[in-house]
Amino acid sequence: KGKRAFIAGVADDNGYGWAIAKSLAAAGAEILLGTWVPALNIFETSLRRGKFDESRKLPDGSLMEITKVYALDAVFDTLEDVPEDIKTNKRYAGSSNWTVKEVAECVKQDFGSIDILVHSLANGPEVTKPLLETSRNGYLAAVSASSGSSISLTYIAAEKIIPGYGGGMSSAKAALESDTRVLAFEAGRKHKVRVNTISAGPLRSRAAKAIGFIDMMIDYSLENAPLQKELSAEEVGNTAAFLASPLASAITGAVIYVDNGLNAMGVGV
Ligand code: NAD
């Protein structure tokens with residue numbers, strides 16, 4: 001029987017989440033998506049109007065089917081956690097049941113259970129500010145949205161200095177990598193669930209463009225990585241499909257680099 005996957009953090013067809021959904025779909029998984037509430041409307045409209053049909057194409061020529069799209073805001077666990085200005089915001093008012101706990105309950109009601117959970121989202125409101133100048137609120141927001149979960153996406157900024165990746169996002173990724181290890185232990189012992197994170201190289205996604213230096217990072221990687229080619233989202237998607245499959249049955253608590261080997265370099269040449 002095919003596995004059922006929930007991928008949180010898909011709002012267009014450019015990012016890692018979309019590519020991961022495709023690779024999982026190509027491997028036979030049923031696809032459920034969690035889309036950030038303020039982005040939901042435009043994503044669903046574009047999907048319905050066929051704007052993504054070209055990029056829905058799977059290797060066998062069929063189109064990826066998305067069984068259901070859930071509205072999600074990953075920084076709120078329950079409705080009690082949601083401040084008034086967001087509750088009454090008109091981009092949120094049209095949807096309901098989008099806190100983490102509610103989404104989990106809805107998925108349970110709709111499908112019973114899932115086999116694969118992917119966290120492919122991040123939000124650092126002050127990502128363009130150096131850590132020294134980051135406010136407490138900006139820092140906490142970055143950690144709140146950007147860490148947690150079963151397969152997730154991390155970045156080398158968790159362990160090495162990447163100037164420009166600010167606002168506490170480097171801290172959020174460090175928390176994510178540490179949580180990957182501790183959760184692997186706890187969830188492994190308790191539920192035999194595996195937890196891993198993919199440390200991905202630079203991709204021109206919507207989120208990455210907001211940071212402001214993505215083209216420079218892509219050029220830097222092209223120049224300095226062992227493999228001198230541009231990284232495609234599909235390569236990250238395929239790694240996620242592998243990690244979610246029985247082929248990776250002994251891999252847990254791991255940070256897997258999918259970055260053309262850039263992490264292994266000591267100096268650029
Ligand atoms: P993306 O824009 O495709 O994905 C980020 C998603 O997060 C968006 O869909 C956005 O709507 C969603 N989001 C933000 N706040 C949210 C919230 N509170 N609740 C629910 N959803 C929320 O960009 P991407 O670059 O593919 O990002 C996916 C993951 O990959 C992130 O964790 C990112 O840090 C990581 N990553 C990206 C790169 C890169 O160069 N693009 C490199 C390494 C790691």
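**Close-up views of a predicted model**

Arg56 is buried, with a relative accessible area of 13%; buried means under 20%, exposed over 50%, and partly exposed in between, with a 1.4 Å probe and protein chains only. This is a predicted model, where local features need pLDDT of at least 70, side-chain atom pairs count only at pLDDT 80 or more, and totals for chains, interfaces and linings use all residues. Residues are numbered from 1 along each chain as its sequence is written, and side-chain values use heavy atoms, leaving out hydrogens and water. The pLDDT is the predictor's confidence in each residue, from 0 to 100; here the chain averages 96, and 99% of the residues score at least 70.

**View 1. Arg56 pairs with Glu65.** Let's begin with a salt bridge, meaning a side-chain nitrogen of Lys or Arg within 4 Å of a carboxyl oxygen of Asp or Glu. The closest N and O atoms of Arg56 and Glu65 are 3.9 Å apart. Glu65 counts as exposed because its relative accessibility is 56%.

**View 2. Glu126 meets Lys129 in a salt bridge.** Their closest N and O atoms are 3.4 Å apart. Glu126 is buried at 14%, whereas Lys129 is partly exposed at 34%.

**View 3. Lys57 and Glu54 form a salt bridge.** From N to O, the distance is 3.7 Å. Lys57 is partly exposed, with 41% relative accessibility, and Glu54 is exposed, with 61%. By the rule given above, the count comes to 9 salt bridges.

**View 4. Lys90, Arg91, Arg206 and Lys209 make a positive surface patch.** Patch residues have over 30% relative accessible area and no salt bridge; like charges are joined within 9 Å, and nonpolar side chains (Val, Leu, Ile, Met, Phe, Trp, Tyr) within 5 Å. Helix H4 (90–93) and helix H8 (206–211) each give two or more residues to this patch. Helices (H or I, at least four residues) and strands (E, at least two) are DSSP runs, numbered from the N terminus. Lys209 lies in helix H8 and is partly exposed at 49%.

**View 5. Asn97 has a positive phi of about 60°.** Asn97 is not a glycine. You can find Asn97 in the loop between H4 and helix H5 (100–111), where Asn97 is partly exposed at 38%.

**View 6. Asn260 also has a positive phi, near 60°.** Look for Asn260 in the segment after strand E7 (255–258). With 7% relative accessibility, Asn260 counts as buried.

Definitions and conventions. Accessible areas come from the Shrake-Rupley method with a 1.4 Å probe; for residues, only the protein chains shown count as cover. Lys and Arg count as positive and Asp and Glu as negative; His and the chain ends are not counted. The place of a charge is taken as NZ of Lys, CZ of Arg, CG of Asp or CD of Glu.
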